[in-house]
Each structure stands twice: as structure tokens, then as C-alpha cells.
Amino acid sequence: MSETISLKELERKAYRSFFKDGIWDIYLGLLLLAMGGGPALLALGAPLVWAAIGGLAVAALGMFIFFAGKRCLTVPRLGTVRFGPARKVGRKRAVVVFSASVLVGVALFALSWTGITRITVLEAIPLPALVFAANCIVVFGLAAYFLDFSRLYAYAVLYAAAFPLAVLLHGPAQLPYGWPLAYSIASAPMLIIGLVLLIRFLREYPLGPPNTPEPCSQRQLRVRSTVAPGTEERMDG
Amino acid sequence: MANGRDDSGQRPSLADIDRLIHEPARFLVMAHLYVVEAADFLFLQRQTNLTWGNLSSHMSKLEDAGYVHVEKSFKGKKPHTMLRLTEEGRKAFRDYRDRMQETLSALPE
């Protein structure tokens with residue numbers, strides 16, 4: 001059985017190496033920051049449309065960093081791999097969970113027109129804030145499990161804490177920048193961890209020599225494999 | 001391979017072990033390819049810490065044996081090579097694992 005276990009660990013190590021770049025962390029941090037971006041602009045006196053555009057811009061920046069980072073930083077350093085069916089199923093389940101959470105968000109927004117936002121818990125936190133927090137815990141917890149990405153458990157707590165904290169800072173604490181402050185506090189650990197991981201990743205996996213040859217044909221492979229060690233250096237020199 | 005015996009009912013001997021897989025670097029390559037669907041050269045290099053020349057040498061041996069299939073394509077203008085184990089390669093790796101397990105479990109304490 002030990003062979004089976006170590007093969008599993010081998011696969012897990014290979015799979016988890018794609019989370020070592022910190023790009024997921026930066027993306028999630030920016031996404032959370034985007035949620036506070038709109039209210040921050042509103043607090044600065046910007047019109048509602050511009051506040052919404054500002055929030056969306058930060059979210060778009062997160063998306064751009066995610067896709068560009070994976071494409072330009074991670075893949076050229078770690079290579080490309082297609083994992084087995086179990087990982088594909090996990091990824092699909094995570095997508096379903098995230099999609100469901102968007103639906104919950106839309107439903108909450110729709111319900112806010114019915115006056116549900118006036119219902120408070122402990123006379124301070126509105127019910128939607130608690131539903132949002134619970135939704136974050138469930139969604140991120142499930143996604144962490146399906147994606148085998150353990151840092152997401154901690155991020156679930158940060159996402160869940162952001163909304164109630166913003167309400168508390170803005171309401172009872174009467175801080176004018178309560179919303180952006182709460183979201184900045186919650187997203188800072190993700191952004192810091194992401195940046196530290198990204199720097200470590202770039203140091204650990206430098207780009208190979210640009211002229212590293214790719215095996216183009218079977219014959220080329222054979223020719224290269226029969227070249228004695230050191231011969232290439234002598235030829236170059 | 002039921003009960004560690006081959007088709008003729010004999011226990012396999014150490015000499016029957018697939019020497020192509022038995023070499024540590026090739027074993028590492030085979031193990032990595034066994035747990036994924038396909039991977040490119042760079043990924044294998046990163047995971048196994050083998051040099052490019054070493055890896056390509058082992059890869060050509062595994063390809064010659066029919067254990068590895070090489071898919072060539074282009075990503076933009078750059079050539080890109082994906083590698084995956086063939087059915088024969090997967091079977092050979094499973095057989096190797098079973099045989100080693102059987103052989104080593106029979107060792108006295």
C-alpha cells in the first residue's frame with residue numbers, strides 16, 4: 001500500500017506546485033478589495049455609477065493579473081500538465097459552488113429591495129451581512145476541499161469577516177471610511193501572502209535559458225542523447 | 001499476477017523485473033507521468049530535477065519501448081511537446097509496482 005500512498009503524494013505535490021505562485025492569493029485579495037472599492041469611492045463623494053465602475057475596475061485588474069500571471073509567469077516556469085479525471089471533477093465542482101454563490105449574492109441583492117436589510121442581529125449587524133458571511137464560509141470551504149487548496153479555508157474566514165466588520169465600523173463605530181477600511185483589512189493578508197509567495201516562486205523557479213532546445217523529433221532526441229557529456233561545451237568553446 | 005504468480009503459475013523472479021523502469025530516473029519519470037494525464041517536458045524537468053539532456057535521453061528510451069507517447073504541437077510559433085504514458089506504459093508500470101511489492105514483501109525480517 002505504501003507505493004499507492006506515495007504515488008498519491010507525488011501527484012498532490014505536483015498539483016499543489018501550481019498554488020505556490022501566489023497568484024490565486026493576489027486575485028482573491030483584489031476581488032475582496034474590489035468589494036470595498038465602490039463604497040470607498042462613494043465615501044469620497046463619487047457618484048454611484050463611478051463607484052460601481054471603480055469597484056469593477058479593481059475586480060477586472062484582479063482577473064487580468066490572474067490570467068496574465070498564470071500565462072506569463074507560472075506556465076513558462078512550471079510547464080504544462082493535464083491532471084487526471086479526479087482533479088477535473090474537483091475543479092468542475094468548485095466552479096458549480098462558486099456559481100451557486102453568485103446566485104446567492106444576486107438573491108440577497110434582490111431581497112434587499114424587500115426591506116430585509118432592516119432586520120438586524122444583536123441590534124447591529126444586518127441579516128444579509130450574516131447570510132453573506134455564512135455563504136462565504138460554505139463556498140470557500142467547499143472550494144478549498146474540491147480544489148485541495150488549504151489556504152482557501154483561511155480566506156473563507158477573511159471573506160466572511162469583511163462584510164460584518166464593515167457594517168460595524170460604518171455603523172456603531174461611525175467611521176466615515178468604515179467600508180473600505182474593513183475590506184482593506186480583510187484583503188491585506190491575502191495580498192501580502194500572495195506577493196511573498198510570488199517573489200519566492202520567481203526566485204525558486206527562474207526562467208530557463210531562452211534557447212533551451214525542445215525535442216523536435218525522435219531523431220533529434222536520439223542524437224542529443226548520444227552526445228557525450230561535455231562535448232557540447234567543447235563544441236561551443 | 002494474482003497472488004504474485006504469472007500466467008504459468010510461477011512466482012516471478014527478480015530477473016523478470018522491467019529494467020527499463022527499474023532505473024531510478026526513469027522510474028521517477030514514469031511515476032510522474034502515471035499520476036497525471038499528460039505533461040510537458042518542462043513540467044517533468046521541474047518535478048524530477050533532471051537536466052534537459054538526461055531527461056530527453058530517458059524519454060527517448062521510454063518512447064522507443066512504447067511506454068511514452070509524444071504529442072507535438074505549436075503554442076503560437078513555439079514548438080510544444082506533451083508527453084503521456086501509453087496504455088502499454090501504464091500496464092508496465094502497474095506490473096512493475098506489483099512485482100516489486102511482491103518481491104520485497106517476501107523478504108525475511
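Which residues are buried in H4(B)? In this predicted model, the buried set comprises Trp52(B), Leu55(B), Ser56(B), Ser57(B), His58(B), Met59(B), Ser60(B), Leu62(B) and Glu63(B). The helix itself covers residues 52-64 of chain B. Its 13 residues span 18 Å from the first C-alpha to the last. That is close to the 18 Å expected at 1.5 Å a residue. Gly66(B) follows H4(B) and has a positive phi, near 85°.

The two chains were then described separately. Chain A contains nine helices and three strands. Read from the N terminus, its elements follow the order α-α-α-β-α-β-β-α-α-α-α-α. Of its 237 residues, 38% are buried. The accessible surface of chain A is about 13800 Å². Carbon and sulfur atoms account for 72% of that surface. Among contacts in chain A with a separation of 6 or more, 73% join residues 24 or more positions apart.

Chain B holds five helices and three strands. Its order from the N terminus is α-α-β-α-α-β-β-α. Buried residues make up 46% of its 109 residues. Chain B exposes about 5900 Å², with 52% supplied by carbon and sulfur atoms. For contacts in chain B between residues at least 6 apart in sequence, 54% link residues at least 24 apart.

Strand pairing involves both chains. Strand S1 of chain B, residues 36-40, is mostly covered. Four of its five residues are buried. S1(B) runs antiparallel to strand S1 of chain A, residues 81-83, and three bridges join the two. Within this pairing, Val81(A) has Ala39(B) as its bridge partner. S1(B) also pairs with strand S3 of chain B, residues 78-85. This second pairing is antiparallel as well and has two bridges. Here Asp40(B) is partnered by Met82(B).

Nonpolar packing was examined next. In soluble globular proteins, nonpolar side chains tend to be buried together. The largest nonpolar core in the model has 76 residues. Leu28(A), Leu152(A) and Met59(B) have the most contacts inside it. Helix H6 of chain A, residues 151-170, gives the most to this core, with ten residues. Met59(B) is also one of the buried residues of H4(B). Leu152(A) touches Leu28(A), Phe140(A), Ala143(A), Ala144(A) and Leu147(A), leaving out residues up to four places away in sequence.

Leu147(A) also meets Arg91(A), a residue of helix H4 of chain A, residues 85-111. Arg91(A) and Leu147(A) are 56 residues apart in sequence. Their C-alpha atoms are 6.0 Å apart. Beyond its neighbours within four places in sequence, Arg91(A) contacts Tyr15(A), Phe83(A) and Leu147(A). Arg91(A) has a relative accessible area of 40%, so this residue counts as partly exposed.

Charged pairs complete the description. Side chains of opposite charge can pair when their charged atoms come close. The count over all chains is 13 salt bridges. One of them joins Asp21(A) to Lys70(A), with the closest N and O atoms 2.9 Å apart. Asp21(A) sits in the loop between helix H1 (2-16) and helix H2 (23-43) of chain A, whereas Lys70(A) belongs to helix H3 (residues 48-78). The pair links distant parts of the chain, 49 residues apart. Both residues, Asp21(A) and Lys70(A), are buried.

Asp25(A) forms another salt bridge, with Arg151(A). The closest N and O atoms of this pair are 2.6 Å apart. Asp25(A) lies in helix H2 of chain A and Arg151(A) in helix H6, so the bridge ties together parts 126 residues apart in sequence. Asp25(A) is buried because its relative accessibility is 0%. Arg151(A), with a relative accessible area of 25%, is partly exposed. Shared partners also join Glu11(A), Arg12(A), Arg16(A), Arg87(A) and Asp148(A) into one salt-bridge network.

In chain B, Asp98(B) forms a salt bridge with Arg97(B). Their closest N and O atoms are 3.7 Å apart. Asp98(B) is partly exposed, at a relative accessible area of 28%.

Note on methods: Residues numbered from 1 in each chain as written. Chains lettered and ligands numbered in written order. Predicted model: local features only at pLDDT ≥ 70, side-chain atom pairs only at ≥ 80, totals over all residues. Heavy atoms only, no water. Buried < 20%, exposed > 50% of the residue type's maximum accessible area, 1.4 Å probe, protein only. Pairing = 2+ DSSP bridges. Contact = heavy atoms within 4.5 Å. Core = buried A, V, L, I, M, F, W, Y, C linked by side-chain atoms within 4.5 Å. Areas by Shrake-Rupley, 256 points an atom, 1.4 Å probe, with all protein chains shown as cover. Salt bridge = Lys/Arg side-chain N within 4 Å of Asp/Glu carboxyl O. Expected span 1.5 Å × (residues − 1).
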